[in-house]
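Here is a friendly briefing to read alongside the sequence and the 3D view. Take a moment to turn the model around before you start on the points.

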Amino acid sequence: MANNILTTEHLSIGYTSKKETVTIAENLNLNLQAGKLIALIGANGIGKSTLLRTITGIQKPLQGTVFLNNKKITSYEPLALAQNLSMVLTEKLPPSNLTVFELVALGRQPYTNWIGTLSDADVQIVQDAIELTQIGHLSQKKHYEISDGQLQKVLIARALAQDTPLIILDEPTTHLDLLHKVSLLKLLKKLTHETGKCILFSTHDIDMAIQLSDEMIIMTPETVVQDDPCNLITKGSFNTLFKDEHIVFDSEKGKFVIT
Amino acid sequence: MNNQKRNTILFSFLFLGLIVLFFVNISLGSITIPFKEVYTCLTGGQSSKSTWEYIIINYRLPKAITAVLVGMGLSISGLLMQTLFRNPLAGPYVLGLSSGASLGVAFVILGASVLPSFLSGILLSPYGIVLASTLGSTSVLLLVLLVSQRLRDTMAILIVGLMFGSFTSAVVGVLTYFSSAEQLQKFTFWSMGNLGNLSWTSILILTICVLLGLFLSLLSIKPLNALLLGENYAKSMGLNFNRARLIIILATSILAGSITAYAGPIAFIGLAVPHIAKLVFQTSNHTVLFWSTLLFGAAIMLVCDVVSQMPGMEITLPINAITSILGAPVVIWLLIRKRNFK
């Protein structure tokens, strides 16, 4: 298909240490398409972060290949990669005096000159990103003065300003209350549909992801499956997620119940 | 934008202030030379007293230029390190760079008798001291960096820097035990810091080193801005982190190493000046911070030098004492005023 942005072929992920090779998942054939919001779910410690690190080229795969726009991800120069793939990470920002506007504008770094001057076009793109994420009223505030939910939106705006076909977010909904979780995921959904970007995010908010995402990738110790949420419910994939007989997925309500 | 206007005004004031301070610095000292005379002399005219002209050309002007170079270089190296180590308390002195440079110089001055004669011949030349000092500061910086990659905690990096500091001073202590009184005196004078007594040749070498360091720092402005979001974000924005870090380290080592070689280990300038710049300009943007730190560094060093000369008196206090006396309270005040110390 033409609108494939990122695909993996027979990808095995894991770690190699001096003594042994730890394989987390094998033979992954994932396919991330333009205009889709895709959720990555799985229990703690299952290897979501390893998968994200591998498909973003930070970590080498044990086997197989990751293709970004039909080109091997390993063959990208750092700058070219940054023009095709942007990230929102979970890590805390170091202390600084950056304003929201400046922070979003840093997303233009892959395009600016050696000293980082913003052209008029760059400023316009930054302003568009700020508008799309509805953080205009914050733009002159320092990044440490705003709430976690607002900061998450600012970081998404920064990724938007980086103007890449694929955005990957690592657990963007953690630390947020229900209201902000919903508004954040709705924002992501709106962005994929309005901008045609592909957005992949990992999350633990499974019921929300079921309702709002176009596709889901479920990681369990045995397999990794990718499909749209309804099919996954029919297949009963969610019941394989947690190894606990007391947590059961209710396919009619579309959420987990504790028995 | 409002900020831009504010910055332009601030920069103009700072620049004018620096020029005034430069003249004040030349005019004041054990003998006060009137402003007008300083001006005529510096613009190539004939001063009314030939002794004044002699003092200005051979003593005051080189010292003022050295102060400007030292202030700029140390402050910028502090700025680079604070962003690279994500630590507001980083600076060439705190991280042990100056002690590393001291160790290098101590080996050259105090260990000269132990070294083979052909080596000590090379090492005792003006270039030798610069080389030893730069090598010393670079190796300490590399060690700190090595440790900082294993320790994610930025506070630990500072402690490691302090440990290197006491380690090097212990080695220096051992070396002094075995050296002659004359060598010891030479080293002690060096370690108290001195902006004067530099020949025009030395100033030329120092200028080249500082300009090279500043040029590398200028190249690092964009990477430094990316690093404000942390290493991983910076990489995700296309930054070649290893290369950027290498350039930053090279810049700081050249700056701190060459300056320490000529002017001695000077405390607090590298730590305090970037904070003053950040406080006044209220920004983290390194394009603004680079120039403001540069100007503030030069200006503050000129002030410290004026204070150390004690206008109207015969004696000159060691510059290192002045920067510490003025710098330490500034840092404490900053810490108390801004508890989260951005």
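Chain A is divided by the domain assignment into domain 1 (1–84 + 165–259) and domain 2 (90–163). Keep in mind as you read that this is a predicted model.

- Taken over C-alpha atoms, the centres of domain 1 of chain A and domain 2 of chain A are 25 Å from each other.
- Where the two domains meet, domain 1 of chain A contributes 14 residues and domain 2 of chain A contributes ten residues.
- On the domain 1 side of this contact in chain A, α2 (78–82) and α6 (178–195) each supply at least two residues.
- The largest share of that domain 1 side comes from α6(A), with four residues.
- Sorted by class, the side of domain 1 of chain A that touches domain 2 of chain A holds eight nonpolar, four polar and two charged residues.

**What the record says about chain A**

- An unreviewed UniProt entry places the feature "domain: ABC transporter" at residues 6–246 of chain A.
- Across residues 6–246 of chain A, the chain is 32% helix and 24% strand.
- The end C-alpha atoms of that stretch of chain A are 36 Å apart.

**The largest nonpolar core**

- How many residues does the largest nonpolar core have? It has 164 residues, and those with the most contacts inside it are V104(A), A157(A), I199(A), V70(B), V105(B), M301(B) and L302(B).
- Domain 1 (1–84 + 165–259) and domain 2 (90–163) of chain A both give residues to this core, so the core lies between them.
- As a general background idea, nonpolar side chains tend to be buried together in soluble globular proteins.

**Chain B as a whole**

- The secondary structure of chain B consists of 15 helices and zero strands.
- Chain B has a radius of gyration of 20 Å, close to the 20 Å that the globule rule gives for 342 residues, so chain B is as compact as a globular protein of that length.
- Along its principal axes, the C-alpha trace of chain B spans about 65 × 60 × 35 Å.
- Of the 342 residues in chain B, 49% are buried.
- Looking at contacts in chain B between residues at least 6 apart in sequence, 79% join residues at least 24 apart.

**Where chain B meets chain A**

- Between the chains, 24 residues of chain B are in contact with 22 residues of chain A.
- On the chain B side, α10 (221–227) and α11 (231–236) each supply at least two residues.
- Which helix gives the most to the side of chain B that touches chain A? That is α10(B), with four residues.
- By class, the side of chain B that touches chain A has eight nonpolar, twelve polar and four charged residues.

**Transmembrane regions listed for chain B**

- For "transmembrane region", an unreviewed UniProt entry lists several stretches of chain B, including residues 246–268 and 315–336.
- Residues 246–268 of chain B are 78% helix and 0% strand, and the end C-alpha atoms are 24 Å apart.
- Residues 315–336 of chain B are 82% helix and 0% strand, and the end C-alpha atoms are 35 Å apart.

**A closer look at L184(B)**

- You can find L184(B) in helix α8 (residues 181–191) of chain B.
- L184(B) is partly exposed, as 15 other C-beta atoms lie within 10 Å.
- Not counting residues up to four places away in sequence, L184(B) touches T176(B) and S179(B).
- L184(B) and Q46(B) are 138 residues apart along the chain, and their C-alpha atoms are separated by 42 Å.

- Most residues other than glycine have a negative phi.
- N27(A) is not a glycine, yet has a positive phi of about 50°.
- N27(A) sits in strand β2 (residues 21–28) of chain A and counts as partly exposed, with 13 C-beta neighbours inside 10 Å.
- N69(A) is not a glycine either, and has a positive phi of about 50°.
- N69(A) is found in the loop between β5 (63–68) and β6 (71–72) of chain A and is partly exposed, with 14 other C-beta atoms within 10 Å.

How values were computed: Residues numbered from 1 in each chain as written. Chains lettered and ligands numbered in written order. Predicted model: local features only at pLDDT ≥ 70, side-chain atom pairs only at ≥ 80, totals over all residues. Core = buried A, V, L, I, M, F, W, Y, C linked by C-beta atoms within 7 Å. Buried ≥ 20, exposed ≤ 12 C-beta atoms within 10 Å, placed from the backbone. Domains from an automatic or database assignment. Rg over C-alpha atoms; globule rule 2.2 N^0.38 Å. Contact = placed C-beta atoms within 7 Å. UniProt positions renumbered as here; feature names shortened; annotations may be inferred. Nonpolar A, V, L, I, M, F, W, Y, C, P; charged D, E, K, R; others polar.
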